[in-house]
Amino acid sequence: MVIIYKTSAIAIGALISVMVTVNGILSGFAGVWFSVLVIHAVGLAAVLIVILAVKRKKVAGKIPLYLFSAGAIGVLVTYFNNVCIPELGTTFTLALCLAGQSLLAVLIDHFGLLGMKRVRFNKKKIIGFLLVAVGLVAMTLF
Amino acid sequence: MLDVVLAFVTGWFVILSSIINANLSQKIGVFKGVLVNYIVGLGITLAILVVTGVSFRAGIAGLPGIPVWAFSGGLIGVVVVASSNVVVPKVPAVYMTLLSYIGQLGTGIFLDYARTGTAPLGRIIGVLFIVAGMVYNSMADKETVSNDSSDNVIHPPSCSRLPPRL
């Protein structure tokens, strides 16, 4: 039964890939920053529809200000994607992005940053990172 | 070269926003969290467009000429969040990131081929190496971190059970 969910996990990855590519193509039509606007407008409309249709969780207490910053970060992510996808292609852009994610993730875990539980860096993972690095270089070489 | 650095740094922002979004959605729910994200993002983007003097009239005038499917990115983002909401709790932590990455990179090959008509050997080999590296590290993670998929706690980012990017 879990296999359905694992397949869905791959499908979600596929959707992410399509999303960033479509956004990159849109930016070719509408301009890099204007497309960020369009993307957010469409997303906002979509989530409003979902919120109207789905049962809501009650808001619990005050919301600390820093929790609003994700929106700003998201703007940068979208903008950088729009810049990089047309130049580097989808695969290389995503590969670099994933490498960046993995790096920060192990740093956050090792030092227990941002309220995460401290998980010491497993030195074995250096091998994995080396393989990733080789893969990234291979993408640039030929 | 700058693009390479930008793409790499984008990964950091993805992780950061994932963590913040996870905290936000714990307080107000997943979709309200997305709503807040898009509202804040929209506001900031408007401000940037105004400050940099981008012509809204020209931008809007150009919209009808764009194929409809090119607008679907924002919608797909919401679909990703909604499906992650269902899938992430059901998939062991160690697999979620790995499977998502495989989906992203594999699809990337096809999309690049569709867009450019080429599938360079270097890109395919590169993806294989990257996946191999990720699989290896996932196995290493299996040894050290709890795999309990029924756990509601936010897991370490390196196993990333956090909702993938928006």
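Predicted model: local features only at pLDDT ≥ 70, side-chain atom pairs only at ≥ 80, totals over all residues.

Before anything else, I need to know what a ring pair is: rings of Phe, Tyr and Trp (its six-membered ring) count as a pair if their centres lie within 6.5 Å.

**Entry 1: ring pairs**

I searched the whole structure and got six aromatic pairs over all chains. One of them joins Trp33(A) and Tyr79(A), and it is stacked, with 4.1 Å centre to centre and 10° between the planes. I then checked where these two sit: Trp33(A) is in helix H2 (residues 32-53) of chain A and Tyr79(A) is in helix H3 (residues 69-88) of chain A, so the pair links parts of the chain 46 residues apart.

Next I looked at Phe80(A) and Phe13(B), which form a tilted pair with 6.1 Å centre to centre and 35° between the planes. This pair crosses between chains, going from helix H3 of chain A to helix H1 (residues 2-28) of chain B. Both Phe80(A) and Phe13(B) are buried.

Putting the notes together, I see that ring pairs link Trp33(A), Tyr79(A), Phe80(A) and Phe13(B) into a cluster.

**Entry 2: a charge over a ring**

I also found the charged end of Lys6(A) sitting over the ring of Tyr95(B), 4.0 Å from the ring's centre.

**Entry 3: chain B**

What does the secondary structure of chain B come to? I get six helices and zero strands, and along the sequence the pattern reads α-α-α-α-α-α. Chain B has 166 residues, and buried ones make up 50% of them. For contacts in chain B with a separation of 6 or more, 66% come from residues 24 or more positions apart. The accessible surface of chain B is about 7200 Å², and 72% of that belongs to carbon and sulfur atoms.

**Entry 4: a nonpolar patch**

Last stop: a nonpolar surface patch of about 530 Å². I listed its members as Leu103(A), Leu107(A), Phe111(A), Leu113(A), Leu114(A) and Trp12(B). Helix H4 (residues 90-111) of chain A gives the most to the patch, with three residues.

Leu113(A) is in the loop between H4 and helix H5 (125-141) of chain A. With a relative accessible area of 40%, Leu113(A) is partly exposed.

Technical notes: Residues numbered from 1 in each chain as written. Chains lettered and ligands numbered in written order. Heavy atoms only, no water. Phe/Tyr/Trp six-rings, centres within 6.5 Å; stacked < 30°, edge-to-face > 60°. Helix = DSSP H or I, 4+ residues; strand = E, 2+ residues; numbered from the N terminus. Buried < 20%, exposed > 50% of the residue type's maximum accessible area, 1.4 Å probe, protein only. Lys NZ or Arg CZ within 6 Å of the ring centre and 35° of its normal. Contact = heavy atoms within 4.5 Å. Areas by Shrake-Rupley, 256 points an atom, 1.4 Å probe, with all protein chains shown as cover. Patch = residues over 30% accessible without salt bridge, like charges linked within 9 Å, V, L, I, M, F, W, Y side chains within 5 Å. Salt bridge = Lys/Arg side-chain N within 4 Å of Asp/Glu carboxyl O.
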